[in-house]
Structures are given as C-alpha cells and as structure tokens.
Amino acid sequence: VFTFFIFFMVIGVSNVVVGAFVARTGEIATRDREYLVRAQTHELNTYFHKVRTFFKEADRDKSGMLSLEEFRTTLKHAEVQAYFSALDLDVSQAELLFTLLDQDGSHLV
C-alpha cells in the first residue's frame with residue numbers, strides 16, 4: 001500500500017512540474033510573439049521612413065509632389081540604385097511602383 005502511495009505521489013508531483021513547465025513555456029512563447037510583432041512594426045516604420053526620405057530627396061523642385069520625370073531622373077543615379085538595392089527594391093520595377101502609387105493617373109505622387 002505504501003508503495004502505491006509513493007508511486008501516485010511521484011506521478012502527481014511530476015504532473016505539477018510538467019504543468020508548470022508547460023505554462024512557463026506558453027508565457028515565453030507569448031512574449032516572443034509580442035516581441036516579433038514589435039520588431040516587425042519597427043522594421044516597417046523604418047522602411048517607410050527611408051522610402052519617404054527617398055521621395056523627398058527625389059522631389060527636385062520641392063513642390064511636395066514627385067513627378068514621373070523627377071522619379072526617372074533620380075533613378076539614373078548609381079547611388080539611388082544602390083539605395084534601392086539596400087531597401088530590397090528592384091530598380092527595374094521602380095516605374096511600376098510609381099504607377100501603383102499614382103492612383104489618379106496625374107503622373108504625380
């Protein structure tokens with residue numbers, strides 16, 4: 001009888017330990033998920049800031065609007081092409097990007 005008691009106590013304690021371990025692992029996974037969301041949001045904000053800076057610098061006449069011609073002229077510079085590569089943007093697809101951003105067809109973004 002005493003052996004069965006010891007056996008059930010060991011199983012019971014093991015269950016409590018495993019339960020605590022699983023609960024702690026769940027908490028860590030939740031924090032990791034939150035961290036990943038924060039990190040991705042920060043990365044997107046940084047990317048958005050870099051693209052916004054590019055558009056401001058490409059606006060040669062400082063009108064607040066970037067024309068297709070200003071965009072094309074800016075894309076011809078080697079440093080701009082390198083910048084686009086650093087942002088993981090394909091320069092050959094840049095006009096497509098401009099067209100997507102030009103929703104009213106005015107050739108201004």
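Thr-74 makes contact with Phe-54, Ala-58, Arg-60 and Val-80, leaving aside residues up to four places away in sequence. Thr-74 belongs to helix 2, and its relative accessibility of 4% places it among the buried residues. The model that shows this is a predicted one. The chain has 109 residues, of which 17% are buried, and it contains four helices and zero strands.

**Surroundings of Thr-74**

- Thr-74 is counted as buried because its relative accessibility, 4%, falls under the cut-off of 20%.
- The residues touched by Thr-74 include Phe-54 and Ala-58, and helix 1 spans residues 2-58.
- Arg-60 and Val-80 are also among the contacts of Thr-74.

**Overall form of the chain**

- Read from the N terminus, the elements follow the order α-α-α-α.
- The radius of gyration of the chain is 28 Å, whereas a compact globule of 109 residues would have a value near 13 Å.
- Along the principal axes, the C-alpha atoms occupy a box of roughly 90 × 30 × 20 Å.
- Of the contacts between residues at least 6 apart in sequence, 43% link residues at least 24 apart.
- The chain has an accessible surface of about 8,700 Å², and carbon and sulfur atoms account for 65% of that surface.

- Ser-14 is a residue of helix 1, and with a relative accessible area of 36% it is partly exposed.
- Between Ser-14 and Thr-41 there are 41 Å in space, C-alpha to C-alpha, for a separation of 27 residues in sequence.
- Gly-26 also lies in helix 1, and its relative accessible area of 33% makes it partly exposed.
- Gly-26 and Gln-93 stand 67 residues apart in sequence, and their C-alpha atoms are 43 Å apart in space.

**The largest pocket**

- The largest pocket holds about 160 Å³ of space.
- Its lining consists of Glu-43, Leu-44, Thr-46, Tyr-47, Lys-50, Ala-86, Leu-87 and Asp-88.
- Helix 1 is the main contributor to the lining of this pocket, supplying five residues.
- Sorted by class, the lining comprises four nonpolar residues, one polar residue and three charged residues.

**Residues with a positive phi**

- Most residues other than glycine have a negative phi.
- Lys-62 sits in the loop that joins helix 1 (2-58) to helix 2 (68-75).
- The relative accessible area of Lys-62 is 61%, so this residue is classed as exposed, the cut-off being over 50%.
- His-107 likewise is not a glycine and has a positive phi, in this case of about 60 degrees.
- The segment after helix 4 (94-101) contains His-107.
- His-107 is partly exposed, because its relative accessibility is 46%, a value that lies between the limits of 20% and 50%.

Definitions and conventions: Residues numbered from 1 in each chain as written. Predicted model: local features only at pLDDT ≥ 70, side-chain atom pairs only at ≥ 80, totals over all residues. Heavy atoms only, no water. Helix = DSSP H or I, 4+ residues; strand = E, 2+ residues; numbered from the N terminus. Buried < 20%, exposed > 50% of the residue type's maximum accessible area, 1.4 Å probe, protein only. 1 Å grid on protein atoms, 1.4 Å probe; cavity = no way out; pocket = protein on both sides within 12 Å on 5 of 7 lines; lining within 4 Å. Points joined across faces, edges and corners; volume = space filled by probe spheres on them. Nonpolar A, V, L, I, M, F, W, Y, C, P; charged D, E, K, R; others polar. Rg over C-alpha atoms; globule rule 2.2 N^0.38 Å. Contact = heavy atoms within 4.5 Å. Areas by Shrake-Rupley, 256 points an atom, 1.4 Å probe, with all protein chains shown as cover.
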